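The paragraphs below lead through one protein chain, beginning with a single side chain and widening to the whole. Please keep the sequence and the structure in view while reading.

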Amino acid sequence: KKMPKWMKRYFWWHSQQLKILSPENWKSKSYIVMQCLNTDEKCGGTSDRLKPLPTIVKLAAMSHRLLFIQWTRPCRLEEFLVPPKGGIDWRVPEWLAP
């Protein structure tokens, strides 16, 4: 099945924003961050966390916000899920992570 045009546009816009995002200008951007950190008491399982993702991508696109996913519990999401080539890079830049 083909990806919706709005999603392709959002992924392109997101990639362009990441290219210019820096420690100097990050406050001028808006974000949606899905997170589950070691300090969180409860986060749910993987499917509980990923189920709302299509809706959150749509919300990020409609509100012109960068979407990031930050999991450290039980481990970093990047340890088992890598952003797809040509898709959205959802990783929080190291310099922006708390």
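Glu94 counts as exposed, at 60% relative accessibility, where exposed means over 50% relative accessible area, buried means under 20%, and partly exposed lies in between, with a 1.4 Å probe and protein chains only. The model is a predicted one, in which local features need pLDDT of at least 70 and side-chain atom pairs count only at pLDDT 80 or more, while totals for chains, interfaces and linings use all residues. Residues are numbered from 1 along each chain as its sequence is written, and side-chain values use heavy atoms, with hydrogens and water left out.

The side chain of Glu94 meets that of Arg76 in a salt bridge, at 3.4 Å from N to O, a salt bridge being a side-chain nitrogen of Lys or Arg within 4 Å of a carboxyl oxygen of Asp or Glu. This pair links distant parts of the chain, since Arg76 and Glu94 both lie in the segment after strand E2 (66-71) and are 18 residues apart. Arg76 also forms a salt bridge with Glu78, with 3.3 Å between the closest N and O atoms, and in this way Arg76, Glu78 and Glu94 are linked in a network of salt bridges. Arg76 counts as partly exposed because its relative accessibility is 35%, and Glu78, with a relative accessible area of 22%, is partly exposed as well.

The structure holds 4 salt bridges, and one of them joins Asp48 to Lys51, whose closest N and O atoms are 3.9 Å apart. Here Asp48 is partly exposed, with a relative accessible area of 45%, whereas Lys51 counts as exposed at 59%.

Charge also gathers elsewhere on the surface, where Lys2, Lys5, Lys8, Arg9 and Lys58 form a patch of positive charge. Such a patch is made of residues with over 30% relative accessible area and no salt bridge, like charges being joined within 9 Å; Lys and Arg count as positive, and the place of a charge is taken as NZ of Lys or CZ of Arg. Helix H1 (residues 5-20) gives the most to this patch, with 3 residues. Lys8 has its place in helix H1 and counts as partly exposed because its relative accessibility is 48%.

Seen as a whole, the chain has 3 helices and 2 strands, and these follow the pattern α-β-α-α-β along the sequence; helices (H or I, at least four residues) and strands (E, at least two) are DSSP runs, numbered from the N terminus. His64 is exposed, with a relative accessible area of 55%.

Technical notes
Patches are made of residues with over 30% relative accessible area and no salt bridge: like charges are joined within 9 Å, nonpolar side chains (Val, Leu, Ile, Met, Phe, Trp, Tyr) within 5 Å. Accessible areas come from the Shrake-Rupley method with a 1.4 Å probe; for residues, only the protein chains shown count as cover.
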